[in-house]
Amino acid sequence: MLSKFSHPVLRISVLAGLVFVFVVIFLSYQTKDSSIPVGTRGQFFITATTSVPGEAIQAIEQAAAVSGQNIYKQGTNPSETGAAPWYFSFVGNKLLHEQNMGANEYPSFDPATKPEVFVADLLIDQGVVGAYVTTADASELARIINVLNDAGIDTEVIRHSDAEIFLSGVFGTAAAPTLIALLLALSLSIVYASAHNRRSTAIQILHGYSVARTGVSEVLAFTRFFAIASFGLLFGATLFLTFYNGLNQYASFMAWLGVGLVAVFSFMTAIYILALIFQRAIDPLRLLKGDQSFRTLGVAAGVTQIASVVLVYAVATSSMASYVSLDADSVSVDRWAAERGSVTLQINPHTLNDRDPERIDPAVRKVFRDFGDTYNNLDRIGAAVLAIHPRKDASRPPAPGYSAYNPDTGNSLIVNNNYLARNQILSEEGDPVRQLPSLENGIHLLIPEGARAQTAKIVAEYQNLNWHKWELGVPSESYPPLDVSVVYTKDHQDVFNYGDTWDMKNWTQTDPVIAVVSPESDVFSGWYLLTVAANSGNVIFTDDAVFKAAAANSGLERHLVAVTAPALRAIDDLNKRTATMTLNATNVGVSLLVLFLAIGVLAAIYIDRNKRSIFLKYIHGWNFLRTHGFYLVVITMGSAVALLLSTNAVSGLLRADKLASLVLAGVVLCISLTGVAVAVSTYESKMRGENVKRT
């Protein structure tokens, strides 16, 4: 054998690359399986429908029957946060359904989530709008879409090739900067190992071996080691999956893993060949004299190590910010969990167009009036909660000045007494504000103590809340100013506002001005209430059955697309963000792997270039710090400067706490310094051992 694949840096790099491949493929396949179940080939969205929910469900069932394919909609399990999702099935091929979905329980790749499968009729409680998957191919999917469109259901088809699904899964699991840094670190280790081995190869060439023969020998040695390590990984993966999920979806996962292994092998082989070509350009006699072209490689490894330190810090800061945000919002989800019987509605835009108010259909005007009456009646019996918050970025404290509390764009909240009964707002005396008396043509204003000096200006703003009375957004008459009664509240209260329930964000506000209205206030027109309810979900009905009965009696029912529970969307949103946080934590691990690879390469280069002087210092009794102190200081200072420069940018971008960011930067620096010390000590010991063998 002409060449030995023995350098530890490259061996470690190959093993690290394989571990990385398994982790990324494992998590990306898990993510894929949660959105694209095994056996499905097409995806589409239902964006809107002119049909009532029951009719829309029948149309989807017909589409499945006509195409002979199965259609599934993933819904939210309302039992608890983190619970496995539900699948609602429209079965057009019973045999295929039983093969893919089992006995009403989907054989998930992740054993912690065992989605239940329900018949389509139960979807009416969660709404038909949303994402669907199907077993249909492109031509059959076109038939499904035609049937749905003919039934007045608007759709958007999602077309992805298998390659696109694979790549989106990988890049959705590992951040692009992390992938790039890892590939760079692998490249450095390959180039370094090639340069390190070049001296022995030069001896072979001087003894008559051809350049091609020595090059092929090295590549074959690399391939052999990679193949053995890959088989070991596959064997280990099989054992792991046997205990993890009973080999559910084993063949499909192994296909994904195989693609990942081929991709990494191809990349590393290409870099290896390029490194060999570059090294062959160096005169063998120069190599025998010790010229191994490490200077440029050392600079590249140093830059990669410092960049990797910054990468670890940035990814860790992002993960920390995600955790803090998730922890805060989990409290809001708990608040929603107590309101699981509450619903919001979505109207059908095709039946309530905003046409010229002068020529508006009287029947449409009646819908608005009836909705206003329905809301007022339900408000009086405690079955409707109002929580209108115009300011979109309501999760951050307001800027100083009364304009920050503008009722239309500022840190404001408009509620009713039912809201106060469910959410604690403390007065300046520390007592909960409850059941304020109704005011005819008037409202109560809850003003934080800190804004007491701006009371007169704030009251003036709220006295002219008249445009909310306009029909169809057009003023029909002038209205007298509202009467305002002021109640002062404690500062520093985080107020739950039910969020924008069609887009689960901004669930809390800090010290908003709260306007409390009642049916007697006569602040809102039916048009405004219905528009708010449909567009933002800021009108919440606390009893599904009571609201549906009222909607049926008023004739509103035929104008509804969906009556859904925001608590389900809140749980679903938190589940997705929890999955994202898990991926962030994975990226922290991968970025640490990149950092340690870069540290290893740079330490190996440092020891190689200075091995004579290091050995002499050792035999003369120098300790570790005296021998390597300058190297450690240079590396630490470079990393520290890079971290300080990035702290402000990263913490500001992610809205992370500055002190916490500095502490995290210190931790990353300590990890880096420890890694450098361990790597240098390890390679020095190896170098001394080689010297002993030579003697």
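Before I start on the sheet, one definition: I count two strands as paired if DSSP finds at least two bridges between them. I also note that I am working from a predicted model.

**Entry 1: strand β14 and its neighbours**

I began with β9 (residues 412–416) and β14, which run parallel and are joined by five bridges.

What else pairs with β14? I found strand β10 (residues 442–448), which pairs with β14 in the antiparallel sense over three bridges. Here V516 turned up again, as the bridge partner of H444.

Next I checked how covered β14 (residues 513–517) is, and five of its five residues are buried. I then sorted its side chains by direction: V513, A515 and V517 point one way, while I514 and V516 point the other way. Both sets are buried.

**Entry 2: strand β8**

I moved on to β8 (residues 384–388), another mostly covered strand with five of its five residues buried. On one side I listed A384, L386 and I388, and on the other V385 and A387. Both faces of β8 are covered.

Which strands does β8 pair with? One is β15 (residues 539–541), antiparallel to β8 over three bridges. There, F541 is the bridge partner of A384. I also found β9, joined to β8 by two bridges and running antiparallel.

**Entry 3: a patch on the surface**

I found a nonpolar patch on the surface made of F596, L659, V663, V667 and I671, with about 440 Å² of accessible area together. Helix α19 (residues 658–694) supplies the largest share, four residues.

I took a look at I671, which lies in helix α19.

**Entry 4: the whole protein**

Finally, I stepped back for some totals. I noted 19 helices and 16 strands in the protein. Of its 695 residues, 50% count as buried. The protein exposes about 31500 Å², and carbon and sulfur atoms supply 60% of that area.

I also looked at contacts with a separation of 6 or more: residues 24 or more positions apart account for 81% of them.

Methods
Residues are numbered from 1 along each chain as its sequence is written. This is a predicted model: local features need pLDDT of at least 70, side-chain atom pairs count only at pLDDT 80 or more; totals for chains, interfaces and linings use all residues. Side-chain values use heavy atoms; hydrogens and water are left out. Buried means under 20% relative accessible area, exposed over 50%, partly exposed in between (1.4 Å probe, protein chains only). Contact means heavy atoms within 4.5 Å. Accessible areas come from the Shrake-Rupley method with a 1.4 Å probe; for residues, only the protein chains shown count as cover. Patches are made of residues with over 30% relative accessible area and no salt bridge: like charges are joined within 9 Å, nonpolar side chains (Val, Leu, Ile, Met, Phe, Trp, Tyr) within 5 Å. A salt bridge is a side-chain nitrogen of Lys or Arg within 4 Å of a carboxyl oxygen of Asp or Glu.
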